[in-house]
Amino acid sequence: MQAIRTLGQFVEDEQIAAWIAGALDAIHQRAAHEAKKAGKSLKLTVSCTSCTAKKTCCWSMVVARLYEGVAIADRLVRTGRDTPALRDELGARAEAMEAASPRDWRTPCVFLDERERCTIYDIRPSPCGILHVYTDPDWCTTLAGDIQGYVAQEELTAAMEMEEVFRDRLSLRKKVGRRYLGVLPRMVLVALEAWDRTDFRDYLRQLPWPGEAEIARWSAKARARAQ
Ligand code: SF4
Ligand code: SF4
């Protein structure tokens, strides 16, 4: 009989974090390629690859999937960054984000460091990697001109399809009308709080996952970002 495992043990034994990291890397790389290709036909160059400006793109509300939260939680646990202070910060950020209008949220991401670098860059959630900008990087902060960008729609779909595969791998039962996603700090916190639980499937399933109306509100924000 197989031993009952915690989420952390399951993730380690089944190489779940490595699998998610590989899938995210492929999504980010394809999105960058598509943005470059789309820009070329319009004689535009992607600004993000050489951007040294303030990263106000990391001041937006990021909606992540539970699997992305699990990959980040794994990294935080393995690098000693899962501390009570970080969990408090994640909880406070999650509550504030969930109460805010996505359009009005402008706060530096909890994973952005003082050198304007993402501290989880290689496993950043898919919404962070699918949007690319062609215009002056300073405009992302000053809004001095019309920002032109590109959202890799196929990669957005690929990230969404991963949700189901992840659910199957975890044997996490589907919740009708609900999806296992939420604001980034909530997804990371949920994964960390489930990490040492052997009843993680029941624990995760009973959480108040968003329905279609809430997801539509977040999607409208994503569309607004891309325009
Ligand atoms: S979105 Fe703007 S601020 Fe962010 S990396 Fe791209 S050019 Fe820089
Ligand atoms: S996870 Fe990284 S790339 Fe995404 S918003 Fe936060 S700092 Fe920026």
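This is a predicted model: local features need pLDDT of at least 70, side-chain atom pairs count only at pLDDT 80 or more; totals for chains, interfaces and linings use all residues.

Residues are numbered from 1 along each chain as its sequence is written, chains are lettered from A and ligands numbered from 1 in the order in which they are written, and side-chain values use heavy atoms, with hydrogens and water left out.

**Ligand 2.** Select ligand 2 and show what surrounds it: Cys58, Val62, Cys109, Phe111, Leu112, Cys118, Ile120, Arg124, Pro125, Cys128 and Leu184, taking residues with a heavy atom within 4 Å. Colour that shell by class and you get ten nonpolar, no polar and one charged (nonpolar is Ala, Val, Leu, Ile, Met, Phe, Trp, Tyr, Cys and Pro; charged is Asp, Glu, Lys and Arg; polar is the others, Gly among them).

**The cavity.** Next, select Arg93, Met97, Cys109, Val110, Leu184 and Pro185, which line the largest cavity. A cavity here is a set of points on a 1 Å grid over the protein atoms alone where a 1.4 Å probe fits but cannot get out, and lining residues have an atom within 4 Å of a point. Helix 4 (84–99) and helix 8 (184–194) each give the lining at least two residues; helices are DSSP runs (H or I, at least four residues), numbered from the N terminus.

**Ser126.** Finally, jump to Ser126 in helix 5 (residues 126–130). Is Ser126 buried or exposed? Ser126 counts as buried because its relative accessibility is 1%, and the cut-off for buried is under 20% relative accessible area (1.4 Å probe, protein chains only). Leaving aside neighbours within four places in sequence, Ser126 is in contact (heavy atoms within 4.5 Å) with Leu24, Ile27, His28, Arg65, Glu68 and Ala159.

Key
On a 1 Å grid over the protein atoms alone, a cavity is a set of points where a 1.4 Å probe fits but cannot get out, and a pocket is an open set with protein on both sides within 12 Å along at least five of seven lines; lining residues have an atom within 4 Å of a point. Buried means under 20% relative accessible area, exposed over 50%, partly exposed in between (1.4 Å probe, protein chains only).
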